[in-house]
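Please look over the sequence and the fold before reading on.

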Number of protein chains: 2
Amino acid sequence: MTHSMSAQAPKTKNRMDQQANPPHYLALSGGVGGAKLALGLSHVLPAEQLTIVANTGDDFEHLGLTICPDIDTLLYTLADLNNKALGWGRQDESWHFMETLKALGAETWFQLGDRDLALHTIRTQKLAHGETLSQVTHFLCQQLGISPNVTPMTDDPLKTIVKTTQGPLAFQHYFVREQCRPAITGIEFEGRHSAQPSAAFLHALHHPHLKAVIICPSNPFVSIAPIRSLPGIEERLNARPVIAVSPIIAGKALKGPAAKMMQELKLPCTALGVCEYYGSLLDGFVLDEADAHYSQEMEAHGVRTLTTQTVMRTLNDRIQLAEEVITWINTIWP
Amino acid sequence: MTHSMSAQAPKTKNRMDQQANPPHYLALSGGVGGAKLALGLSHVLPAEQLTIVANTGDDFEHLGLTICPDIDTLLYTLADLNNKALGWGRQDESWHFMETLKALGAETWFQLGDRDLALHTIRTQKLAHGETLSQVTHFLCQQLGISPNVTPMTDDPLKTIVKTTQGPLAFQHYFVREQCRPAITGIEFEGRHSAQPSAAFLHALHHPHLKAVIICPSNPFVSIAPIRSLPGIEERLNARPVIAVSPIIAGKALKGPAAKMMQELKLPCTALGVCEYYGSLLDGFVLDEADAHYSQEMEAHGVRTLTTQTVMRTLNDRIQLAEEVITWINTIWP
């Protein structure tokens, strides 16, 4: 009986270890594309095993409001409040504020829906009262019933500046107001030397059971690069298992200006181009079946690959891709 | 022929004098009741002969926005955009911002419609960029097609504080959040020693052809008193012909807490009580037919009276009362 007990004990302990030390996953995300995979991951992983870090390089002040486009897209997507018809903003949206703004002769290049405004107003208020962006984001997650930890990459100002043939532009001015028309000559991250990574970001990076960092299918140059530009982050990422899901499929970006940027920055606009751009940061790369032919070259450079269907049209697509990615990660690093 | 020409010359000159020196009228107004008469006056007088000074003692910061309830009511009323069903706010209003604010756990005691928000946002933005409240109000008038000069009483902070048995309350907190429930023990105007009357207010008061100051049927204690409390204003008003239109009819205020305030401040809640409260400031008083019996006592105290139908239900009522008031003023001071 004693023997029987001692024989069982290690088993129980192992199970307890497994429960007490569950693996952790850290997702880096920009807006729409990244949020789709983040939503999939949130369905596949228990909330406490997932940290989602949002790019804040796009954040800007508009009409007195602090607007955080990537955080907002993540929150709306994770709360299932995203506007599926528009592909941005909130569902069931109305535009009476914008209509009136226009009638009163104000700037209307950035569309703010009546419901969406509430979120920006609350955030701006709380920031004005001294809360950090991390605290505000946590509050909004709670109010929206979002379980995983969604955190800004930093609580400090870091501003993505797109250098163009028409001069430097803040990201939303380039992306929304100018509709990505000016040709890009470079990208800068203003404030990157003084901005500190958020506590939750660092906590996840230093998590003793961090299984992998997952770079979501977001724009490498304006969604992921700002995160990497924060002091100490690149070194920390290099010390961790990192995989990326390609934002380029068959030479095209499903959304946003990534493909146009790659052309203008003279980078080959392919999944391979993305993989090479991330370079030694990557341990693994998830590419679409349409790009299967690049797999061999990536593997030859020491990057493990998962070739699968990466276009996420439905919720089921998002969950399935997330499941495959997590399973694959656990195969590489059991 | 020479004689004939010289005989005509003075006539022409007189007509030109009349045109070159038209009489000017200065209306002092709070919100709803005052705005009704202001609208009537705007129909009766050429725009350049009317200055409307708005109380700003109710102004407050809410959700990061500078809200000026009396200016807003005047603007919406004069632009025929006021919500006739509600009696406040804008017409064709929607409430998606408020609904979402509530769902996200924010303060919702002050109702801000989706369209109304645009006006507050523009004002807050312009103030943040260094424009004065006068400049912003002028801009909004232009955008809304409002011709008469609507001006805040001051560009400086002056805050109406209602002292109650439950402690001091900013006016909108007393009026909207607490719905006038706490009993009033006094009223203070925070900042009244340092706030300067606006340039347009002073300009109208010093107008060489100022015919009269018209105190609109607004709350004497919280709409007109803040205007009078500004440095130098009471003396200037005393030096000018001033008439008031009673906000109390048959012992009742048509709107707002004036009657309740009079009771709590131990003032007789009658048109006569209002007339006595204004005291030596007044040269004339317009009272409703329902209060005709007070006329004799007012006249005995040297206040001329106009007894007429003062309830303004329709646009026609507003125009008719304004017409009668202007005609009466021109009879008193030809």
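What follows is a short briefing, grouped by topic. The model is predicted. In chain A, 7 strands form an open sheet with parallel pairing. In chain B, the focus is strand S13, residues 284-288, where 5 of 5 residues are buried.

**The sheet of chain A**

- The strand order is S5-S2-S1-S9-S10-S13-S14 (chain A).
- S5 and S14 (304-308) of chain A are the edge strands. Each pairs on one side only.
- From one strand to the next, the twist averages 20 degrees.
- Strand S2 of chain A, residues 50-54, pairs with S5(A) over 4 bridges, in the parallel sense.
- Within that pair, A:Pro152 of S5(A) lies opposite A:Ala54.

**Helix H6 of chain A**

- H6(A) covers residues 133-144, 12 residues in total.
- Its first and last C-alpha atoms are 16 Å apart, close to the 16 Å expected at 1.5 Å a residue.
- Which residues of H6(A) are buried? They are A:Leu133, A:Val136, A:Thr137, A:Leu140 and A:Cys141.
- Viewed down the axis of H6(A), the buried residues fall within an arc of 140 degrees, so they line one face of the helix.
- The general rule behind such a pattern: an α-helix has 3.6 residues a turn, so residues three or four places apart point the same way.
- After H6(A) comes A:Gly145. The phi of A:Gly145 is positive, near 70 degrees.

**Strand S13 of chain B**

- S13(B) is mostly covered.
- B:Gly284, B:Val286 and B:Asp288 point one way from S13(B). B:Phe285 and B:Leu287 point the other way. Both sets are buried.
- In general, side chains in a regular strand alternate between the two faces of the sheet.

**Neighbours of S13 in chain B**

- Strand S10 of chain B, residues 242-245, runs parallel to S13(B) and is joined to it by 3 bridges.
- Strand S14 of chain B, residues 304-308, pairs with S13(B) in the parallel sense over 5 bridges.
- What stands opposite B:Phe285 of S13(B)? B:Ala244 does. In S14(B), the bridge partner of B:Phe285 is B:Thr305.
- From S13(B), the chain crosses through helix H13 of chain B (residues 295-300) to S14(B). This β-α-β crossover is right-handed.

How values were computed:
Residues numbered from 1 in each chain as written. Chains lettered and ligands numbered in written order. Predicted model: local features only at pLDDT ≥ 70, side-chain atom pairs only at ≥ 80, totals over all residues. Buried ≥ 20, exposed ≤ 12 C-beta atoms within 10 Å, placed from the backbone. Helix = DSSP H or I, 4+ residues; strand = E, 2+ residues; numbered from the N terminus. Pairing = 2+ DSSP bridges. Right-handed = clockwise from strand over helix to strand, strands pointing away. Expected span 1.5 Å × (residues − 1). Arc of directions from axis to C-beta. Axes fitted to C-alpha atoms, helices over the stretch in contact; angles between N-to-C directions.
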